[in-house]
Amino acid sequence: MNYDSSISVDAGDLSAADRLLILVTRALDKVKAGDTLEILSDNASTQHDLPAWSRLNAHRCLGTVAHNGRWCHRIVKGSVLRMLTDKELDWGNHAPIKDGRFDTRHWLLGRAGEIQRTAQPSDGFAPRGASVEEGSPEFEFDVLERNRAWSHGAAEFYEQATAGHWDASRDIPWRELHALDEDLERAICQLMTFLAENEFSALYVPAKWIARIHPHFAETVLFLATQVRDEARHIEVFIKRALANGGGLQFSSASTQASLKTLMDQQDFVQASFMLSVLGEGTFLDLLRYIETHAPDQVTREIARRTRIDETRHVHFALDHIRSVLQTDTGLKESLYRAIANRASILSGMKGLNPLVEESLVILAAGGLSPDRLSSATKARIQLYETMHENRVRRLTAIGFSDREAEDVSQLHTPNFM
Amino acid sequence: MSDVIKVGVVAYDPKVVTIWEGIKEYFTARSIAMDFILFSNYDAQCDALLDGWIDIAWNTNLAYVKIHRRTGGKCGVLAMRDVDVGFTTKVIAGAKTGIQSLLDLKGKRVAFGSRDSGHAAILPLYFLKQNGINPSQDITAIRFDLDVGKHGDTGTSEVEVLNAVIKGEADAGAVGDQYWARALTENLVDNSKVRAVWTSPEYCHCNFTVREKADERRFADWTNALLAMDYNKPAERKILEMEGLKRWVRPQLDGYRALFEAVDELRFFN
């Protein structure tokens with residue numbers, strides 16, 4: 001801040017009731033304690049108002065002199081700080097705006113771009129780079145470490161997410177729906193029920209972590225907020241498809257619920273992100289592609305296509321996040337493995353995928369219950385499981401797991417897919 | 001006799017408890033045992049000080065003058081707020097009344113705060129007299145006697161004075177500059193309807209009163225700890241902000257002369 005020991009403001013006819021006090025306050029902000037501010041005014045009531053205001057704000061009013069029909073007030077700035085902070089503010093940085101676009105990746109300017117190793121609980125909801133007043137309350141965020149909460153890719157994925165939002169009411173060709181064979185419609189409705197319940201967990205899990213990650217790691221929080229928004233749209237669109245064509249919501253199995261509950265119960269952000277997004281949503285990419293390939297109607301195909309694009313973003317964000325944590329945390333792989341093994345042991349009594357879902361996958365690929373197509377459809381379903389496993393292994397090795405480790409982790413993944 | 005210093009405080013607002021719990025905590029952290037005793041009015045607190053139930057009374061200027069009279073001037077004073085020094089009363093007037101000075105008040109309706117408020121009733125009436133206006137003959141006084149017993153601490157009567165002037169129910173009115181500055185800051189004042197036209201001479205307001213001068217030395221540690229409270233420290237700032245000051249200061253007893261004269265002139269205690 002630039003200080004000037006003798007500063008003068010001309011307030012014209014402005015009264016203290018009409019923002020004169022803002023003018024005076026801002027002028028005093030520019031001088032040091034003990035310096036004098038001179039205020040020239042044409043307003044008679046200022047001779048009564050400014051001394052009262054000065055006294056209450058611990059400034060010293062030296063008096064008022066009438067001169068050529070005007071009033072000249074002199075105020076000595078007091079020593080109390082308006083804001084209890086000695087941190088300097090940034091000023092003078094300019095964002096690189098290209099083609100009229102300010103990309104979130106380019107907002108790491110000055111102090112806003114300083115990512116602390118450990119976030120301060122008392123920085124609370126202040127945006128990174130703001131000067132936080134002493135005495136602010138300590139917030140109970142518990143993801144405070146940079147190497148747990150921040151990743152370089154988050155801003156880019158956030159940009160992709162905000163550009164990619166769509167409207168489940170408008171952007172799905174609902175008018176193209178037509179009556180389907182009842183067994184086929186029932187299978188689609190069962191799959192939509194299953195997808196919706198899984199997506200509820202994919203909404204609640206990041207939502208839970210948003211509330212626990214320190215706002216200092218804004219890019220991660222903002223991205224997770226888009227993930228929550230995506231999942232809300234997915235829940236909406238899957239439920240709508242189940243209800244739209246004369247069918248309705250089908251069964252939700254205890255085994256599916258048990259699997260999803262273990263995701264909510266995770267007590268570590270990185271482990272939860274790994275299970276939900278790398279393994280769960282990763283597996284869902286293949287499931288959605290399968291549905292898109294075999295769906296008999298344009299509406300279901302478009303739903304699977306659009307949701308898969310969103311889910312791909314979630315998977316890539318998580319891969320980027322876990323990869324960067326793995327680079328600094330040598331014990332992480334072991335703890336992830338233990339967490340996966342622990343989840344598998346909790347779910348060991350589970351029979352596997354809800355059989356109604358499994359059958360629905362076959363019926364979908366067969367286009368109904370026609371005996372001549374069921375055999376090849378079963379092969380498609382078996383192929384799906386193999387593809388899911390292969391892609392899980394591929395993703396795991398891409399972020400630093402050995403082939404053997406990746407194989408083990410993938411095998412331990414829940415039969416519920418998510 | 002207990003070592004705990006007992007400070008009397010009038011509970012003019014629920015926040016008084018929060019403020020004084022904070023102050024008590026501040027003293028406890030400095031190994032000075034103190035407690036606060038709440039009163040619903042200043043008369044009861046004055047009696048309690050004189051009867052020895054409490055050691056220190058957090059008094060308004062009027063309560064201090066009363067103690068001073070009842071002790072024959074033997075009471076002492078420990079400290080006051082920075083805002084208790086240089087206090088003034090403002091005469092505010094409706095913008096269209098043509099009132100620009102005290103003499104313009106003659107023949108007008110003038111609103112005052114609670115009859116036991118030093119700054120919004122007793123002193124303004126006294127200052128009017130000093131300036132050649134007889135309140136009982138030259139003006140029509142409108143009284144807002146609210147929260148009597150609390151010496152204008154609640155500020156409710158000043159709110160009524162300002163509203164009466166804004167609505168044109170009074171041509172002018174008297175308020176303390178503390179309330180006036182707050183009204184200006186909180187955008188309660190429309191300059192096209194009401195403005196300040198006169199500022200009284202400066203006087204002093206509240207102080208920590210003790211029964212006798214010797215108590216000033218007896219409670220010196222307490223006073224020094226109080227004076228050390230720092231607005232630039234977060235925990236202490238909270239307390240000071242709620243109590244409406246930036247720092248505690250040593251007493252300036254010259255600032256009570258006008259009120260002594262006023263209570264005599266107006267025969268307030270008679």
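Student: Which residues in α6(B) are buried, and what makes them count that way?

Tutor: In α6(B), Asp177(B), Gln178(B), Tyr179(B), Trp180(B), Ala181(B), Ala183(B) and Leu184(B) are buried. Buried means that 20 or more other C-beta atoms lie within 10 Å of a residue's own; exposed is 12 or fewer, partly exposed is in between, and the C-beta atoms are placed from the backbone. This is a predicted model, where local features need pLDDT of at least 70 and side-chain atom pairs count only at pLDDT 80 or more, while totals for chains, interfaces and linings use all residues. Residues are numbered from 1 along each chain as its sequence is written, with chains lettered from A and ligands numbered from 1 in the order in which they are written.

Student: Why is α6(B) called largely enclosed?

Tutor: Seven of its nine residues are buried, so the rest of the structure largely encloses α6(B). The cover includes α1 (20-29) and α2 (46-56) of chain A, along with β6 (89-94), α5 (156-167), β9 (172-176) and β10 of chain B. By the way, helices here are DSSP runs of H or I with at least four residues, strands are runs of E with at least two, and both are numbered from the N terminus. Just after α6(B), Asn187(B) takes a positive phi of about 60°.

Student: How many residues of chain B are in contact with chain A, and what makes a contact?

Tutor: Two residues are in contact if their C-beta atoms, placed from the backbone, lie within 7 Å. By that rule, 23 residues of chain B meet 19 residues of chain A. On the chain B side, α6 (177-185), β10 (194-199) and α9 (234-243) each give two or more residues. α6(B) gives the most, with six residues. By class, that side has nine nonpolar, seven polar and seven charged residues. The classes go like this: Ala, Val, Leu, Ile, Met, Phe, Trp, Tyr, Cys and Pro are nonpolar, Asp, Glu, Lys and Arg are charged, and the others, Gly among them, are polar.

Student: Trp248(B) next: how do you know whether it is buried or exposed?

Tutor: Count the neighbours: Trp248(B) has 20 C-beta neighbours inside 10 Å, so it counts as buried. Trp248(B) lies in strand β12 (residues 248-249) of chain B. Setting aside neighbours within four places in sequence, Trp248(B) is in contact with Ala79(B), Arg81(B), Leu226(B), Leu227(B) and Met229(B).

Student: And what is the label for Asp90(A)?

Tutor: Asp90(A) has 15 other C-beta atoms within 10 Å, so it lands in the partly exposed class. Asp90(A) lies in the loop between β4 (70-76) and α3 (146-149) of chain A. Beyond four places in sequence, Asp90(A) is in contact with Gly110(A), Arg111(A) and Gly129(A).

Student: How does chain A compare with a compact globule?

Tutor: First, chain A has 13 helices and four strands. Its radius of gyration, taken over C-alpha atoms, is held against the globule rule of 2.2 Å times the number of residues to the power 0.38. For 418 residues the rule gives 22 Å, and chain A comes out at 30 Å, well over that, so it is more spread out than a compact globule. The C-alpha atoms fill a box of roughly 105 × 50 × 40 Å along the principal axes.

Student: Which domains does chain A have, and where do those bounds come from?

Tutor: The bounds come from an automatic or database domain assignment. It divides chain A into domain 1 (6-76) and domain 2 (146-412). Their C-alpha centres lie 64 Å apart.

Student: Last one: what is the strand order of the open five-stranded sheet in chain B, and what makes two strands a pair?

Tutor: The order is β2-β1-β3-β11-β4 (chain B), with mixed pairing. The edges are β2 (34-39) and β4 (76-77) of chain B; each has a single partner strand, so one side of each is left without a neighbour in the sheet. Two strands pair if DSSP finds at least two bridges between them. Strands β1 (residues 5-10) and β3 (residues 56-59) of chain B have two bridges in the parallel sense, so they meet that cut-off. Gly8(B) stands opposite Ala57(B) in β3(B).
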